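The following note sets out numbered points on the model shown below. It is intended to be read alongside the coordinates.

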Amino acid sequence: MQSPWNEYAGSRLLCVNATELTSIREHVAATGDAIQPLLLPHAGLARRNAYAHIWLGISTVFGDQWRATAVAREVINFVQWIGAHPNEDYAAFSGPATRLPESEQTPLPRASEKTAPHRSAGHKVVLEPSLFDAVDRHRGGPSPGG
């Protein structure tokens, strides 16, 4: 049986590739639009945010590192399940929620530490810090390099 995780030169990469992530985002947007008027009030929240509800569900069911540990089709199935059950507890999801074993997990790099594999062996290209890094610094959050 083939592993559900992408492999590159023997090292594990993100399980969810860019195309799959785009598909997941599109499913979240469509489902969020559909369930927003259906969400019941929640204690401590003035207004429910359907998109935040879905993303929180993804990280709850598949783990904070879901992009590195989940199977994209299972994440989409979960989003579709939320569309059908917008007010259910995440624990009620009975579909598969595969996670890479903890022993094989590696934390995702922070945006300021991201690197992309270069076609030449042994070389990495450092990506430029994102706009989110600048916002974090402005808010007093993580700073570059630490």
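1. Terms and basis. A contact means heavy atoms within 4.5 Å; helices (H or I, at least four residues) and strands (E, at least two) are DSSP runs, numbered from the N terminus. This is a predicted model, in which local features need pLDDT of at least 70 and side-chain atom pairs count only at pLDDT 80 or more, while totals for chains, interfaces and linings use all residues. Residues are numbered from 1 along each chain as its sequence is written, and side-chain values use heavy atoms, with hydrogens and water left out.

2. Confidence. The mean pLDDT (the predictor's confidence in each residue, from 0 to 100) is 75 for the chain, and 58% of its residues reach 70 or more. Over residues 1-14 pLDDT stays under 50, and the model has 24 contacts beyond four places in sequence for this stretch.

3. Overall arrangement. The chain has five helices and four strands, in the order β-β-α-α-α-α-β-β-α from the N terminus on. Of its 146 residues, 27% are buried (under 20% relative accessible area; exposed is over 50% and partly exposed in between, with a 1.4 Å probe and protein chains only).

4. Helix H1. The 18 residues of H1 should span 26 Å at 1.5 Å a residue, and the 25 Å between its end C-alpha atoms agrees with this (the expected span is 1.5 Å times one less than the number of residues). At its N-terminal end, H1 is capped by Asn17, with a side-chain oxygen 3.1 Å from the backbone nitrogen of Thr19.

5. Faces of H1. Leu21, Ile24, Val28, Thr31, Gly32 and Ile35 are the buried residues of H1. They fall within an arc of 105° seen down the helix axis, so they line one face; the arc is that of the directions from the axis to the C-beta atoms. These buried residues pack against H2, helix H3 (66-69) and H4. The face turned away from the buried side carries the exposed residues Ala18, Thr19, Glu26 and Asp33.

6. Not counting residues up to four places away in sequence, Trp66 touches Val16, Leu21, Ile24, Trp55, Ile58, Ser59 and Val75.

7. His53. Beyond four places in sequence, His53 touches Ile35, Leu39, Arg48, Ile82, Pro86 and Tyr90.

Terms used: A polar contact is a pair of N or O atoms within 3.5 Å; within protein, one must be able to donate a hydrogen and the other to accept it, and residues adjacent in sequence count only if both atoms are side-chain atoms.
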